[in-house]
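Here is a short briefing on one structure. Look at it first, then read on.

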Amino acid sequence: MPDGQRRPTLAVAASLGAETVNSFLTGNSLFPDDASNRATVQYGGTVEDFAADLRYHACLLPCPTPNRWLDALFRINCNVFVELFPNLDLGDLGPLRTSLRDDRRELVVCLSTQSAYHLPLARKFVTALRQRNIIGDDIAPSVELAVQEAFSNSVMHGNMELNTSGRFTLDKLNILADETRKRLAHPFYGGRAIIMAARHTQKGRIEISIHDQGPGFTPSDDDGTFNLPGDQSTFGRGLPLIRSLCENVRFGRGGRTIKMTFPGHAQANTNPFIANPVTPASLPRNGIGLARILVADETLISRESLAAYLKIGGFGNLAFARDGEDTLAQADWFLPDMVILDLMMPKMDGFAVCKALRADPRFADIPIIAQTALAETAGRTKIFEDGATDLILKPVNKAELLARVRIHLENRLLVQQLRSYWERTQSELELARNMQERLIPRADYYRTTGAHYGLSISAHFQTSSELGGDLWGLLPLDDQRLAVWLVDFAGHGLGAALNTFRLHSLMSSDETPHDDPGAYLTALNRHLKKLLPVGQYATMLYGIIDRQDNLFRYACAATTAPVIGSAGNPDIRFLDGSGVPLGVIADARYDTREIAFGCTSFLMLYSDALIETELDNGETLDPARLQTLLQKILMDPEETGDLAAILTGYFLDHTPAILQDDFTLVTLQSKPR
Amino acid sequence: MNYKSQQSGDTVEILLSGRFTFGDHTAFRKLIEEMRDSGVEKQVLDLSEIDFIDSAGLGMLLLARDEGEKSRSSITLRGAKGQVKRMLEVARFDTLFKLEN
């Protein structure tokens, strides 16, 4: 669809106000043509106000952008995030204008220097790339460090024009601190934009670029060695470090743009914001005879004899390449099912070609048969390290060549059939996952419901690599009493998900009174025991917040310990979550426990993924660490408000993009009166 | 970056937490002044709660070392983990500081 016909949808921070937003949109610097005039604008007070299933073309962040709003990068279904600050002038900064292509594999963030300076932008940017499956967890630490170094150069040397060269001394530090404060507050320096953008390149790499609006910086010819201690300070010595962390570094716009390239991510697509995975070219299903084979060899005579053999063997769909670069070019249009590759070729040898092919997702798993006259074993071992599937010796024997070509193509066909089966299963699982997510209360529902009881309710729910068994819900009992429940079926996968559906229909149809938690769980267990196959069980909490009696009354079946506390008070308590899991024995009995829940109290419920998932420092959020973290959040004057959102932001920053288990976190906080 | 310091006898222990990056020079300047004013011989910077450090952060640690040398006090870096530990290794900080687990 041409840009002119689009009607962009914008997610906008409510604090910006309609007037600012309108004048920005008519200023027409964000979208080409008159698309801005037709934009649909949706306002939200927090990141959580924007529905996860809605797609936005751009998100306008508040000014100054608080830390909490950076979580929008991975919580709002959008690829372009712009802080709307008074001096915003995009000038020659192009990436925003091309972003209407709406490529979901891109991410663009534009902030004022004033905001960017104080924010952990590198971390949040990398978390967003991980969560969108644009980069793998494995390279995330290197990417974060490279982005951090490049970002600090762009902010300090670029936009703020601060000189930090030479040896660091306390005096210099003092001058730097004063000058930094002045320039941040200065509209000229502090009001410059900084843009961070990530995109896929055609060769399957990830390019991250950082653009500033400073005077430009020309890097000296560096020998590329990273040598920190010494006469020079490390401040502003980031470039060698950056070079050591990525594949390639380039500069543009007269040194006001740095572009860093990282290896791509060839995993199955699980980007939560992309519905359909890209399917690689597939081998004809009717057999291997139609397979496309690319023959790469420097000499014409070798190419011709290989072609003659292959034709005798029934393989006629051939293409040829003369050297290494030619091989990559031919592969690009021919999309071969197999490559027969000579190791000794001009321009680029077979080892490098093999590596390059493997780095391209389109050729990541095609058979590559290397042919070599090399007698020495080192080269023969190396080519396997570089990704070859098999090796044949020159001069090539016809029978051996055909046997190997056939076996590898047959294997590839089998792998493709398996993959197509896997993809079908995946799409069905995806459907089931969507159905399961629909059982979870939507944000607008739990917020409105909570408000009625003087509670601000916030939640995060994320399924694991497979389907999971978590579910939570709310049940208004009367004007003063609100029931909340959280269940976690053992295991994950289809079985656990089916059980969540079973439970959901059971709870909706059940006649048992809901106002006595212990009696309710006792009855629910009796029903579930009949429904659940032996060996399947669930943990559950069912509780009632009673506003009249200022109580939280609850019953537990082997659940994680609910946390209760008070706003602005570091004393939090882990409640007793013990009890027999549901579905184990028919006549299990559950007691109702109670604890005071006043007008400043909050309650936090969570599935065990919160406390059992290994964080990037190798630790888990065991109760002691969770308590420390919660206390820090509660006592931090800058972290006002939404406990679940803050904790989720922390959790996603420090955990793998794909979780082993479902993650559910619900907080119910009394609103200040 | 935040820090808390605690003195016992001739040792000052300073627990740093959060991200330690180029924007933390104001906080770090204060910290160095406190270290200098304490007049204590042994200073321990506990990095166990720092979850990320960049090259500017490393630069500031070097500055702390320089200041320590002026007042003849020794600085130990303790408890670095994960990314912080790797950065200290890459920068060969073991040749410049006393490192403790």
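What percentage of the 101 residues of chain B count as buried? The answer is 41%. A residue is buried if 20 or more other C-beta atoms lie within 10 Å of its own, exposed if 12 or fewer, and partly exposed in between, with C-beta atoms placed from the backbone.

This is a predicted model, in which local features need pLDDT of at least 70 and side-chain atom pairs count only at pLDDT 80 or more, while totals for chains, interfaces and linings use all residues. Residues are numbered from 1 along each chain as its sequence is written, and chains are lettered from A and ligands numbered from 1 in the order in which they are written.

**The two chains**

- Chain A holds 21 helices and 24 strands. Helices (H or I, at least four residues) and strands (E, at least two) are DSSP runs, numbered from the N terminus.
- Chain A has 673 residues, and 42% of them are buried.
- In chain A, take the contacts between residues at least 6 apart in sequence: 69% of them join residues at least 24 apart. Two residues are in contact if their C-beta atoms, placed from the backbone, lie within 7 Å.
- Chain B has 3 helices and 5 strands. Read from the N terminus, their order is β-β-α-β-α-β-α-β.
- For chain B, the share of contacts joining residues at least 24 apart is 71%, among those between residues at least 6 apart in sequence.

**Where the chains touch**

- On chain A, 26 residues are in contact with 25 residues of chain B.
- Four helices of chain A give two or more residues each to this side: α5 (113-118), α7 (140-159), α8 (170-185) and α10 (238-245).
- The largest share comes from α7(A), with 6 residues.
- The chain A side has 14 nonpolar, 8 polar and 4 charged residues. Here Ala, Val, Leu, Ile, Met, Phe, Trp, Tyr, Cys and Pro count as nonpolar, Asp, Glu, Lys and Arg as charged, and the others, Gly among them, as polar.

**The nonpolar cores**

- In soluble globular proteins, nonpolar side chains tend to be buried together.
- The largest nonpolar core has 163 residues. Such a core is a set of buried Ala, Val, Leu, Ile, Met, Phe, Trp, Tyr and Cys residues joined through C-beta atoms within 7 Å.
- A:C59, A:F81, A:V109, A:F125 and A:M540 touch the most other members of the largest core.
- α7(A) gives the most to this core, with 8 residues.
- Why does this core lie between domain 1 (3-262) and domain 3 (440-670) of chain A? Both domains give residues to it. The domain bounds come from an automatic or database domain assignment.
- Beyond four places in sequence, A:M540 is in contact with several residues, including A:W485, A:L521 and A:L582.
- A second, separate core has 32 residues, among them A:L294 and A:F363.

**A five-stranded sheet**

- An open sheet in chain A has 5 strands in the order β16-β17-β18-β19-β22, with antiparallel pairing. Two strands pair if DSSP finds at least two bridges between them.
- Its edge strands are β16 (470-476) and β22 (593-596) of chain A, each pairing on one side only.
- β19 (551-557) and β22 of chain A are joined antiparallel over 4 bridges. One bridge pairs A:Y554 with A:R593.

- β8(A) runs antiparallel to β9 (257-262) of chain A, with 5 bridges. A:N248 stands opposite A:T261.
- A:R253 is partly exposed, because 15 other C-beta atoms lie within 10 Å.

- A:P64 is in the loop between β3 and α2 of chain A. The peptide bond from A:C63 to A:P64 is cis, with omega near -10°.
- A:T65 lies in that loop too, between β3 (58-61) and α2 (67-70) of chain A. A:T65 counts as buried because it has 25 C-beta neighbours inside 10 Å.
- A:T65 and A:L111 are 46 residues apart in sequence, yet 8.0 Å apart in space, C-alpha to C-alpha.
- B:R72 has a positive phi near 55° and is not a glycine. B:R72 counts as exposed, with 7 C-beta neighbours inside 10 Å.
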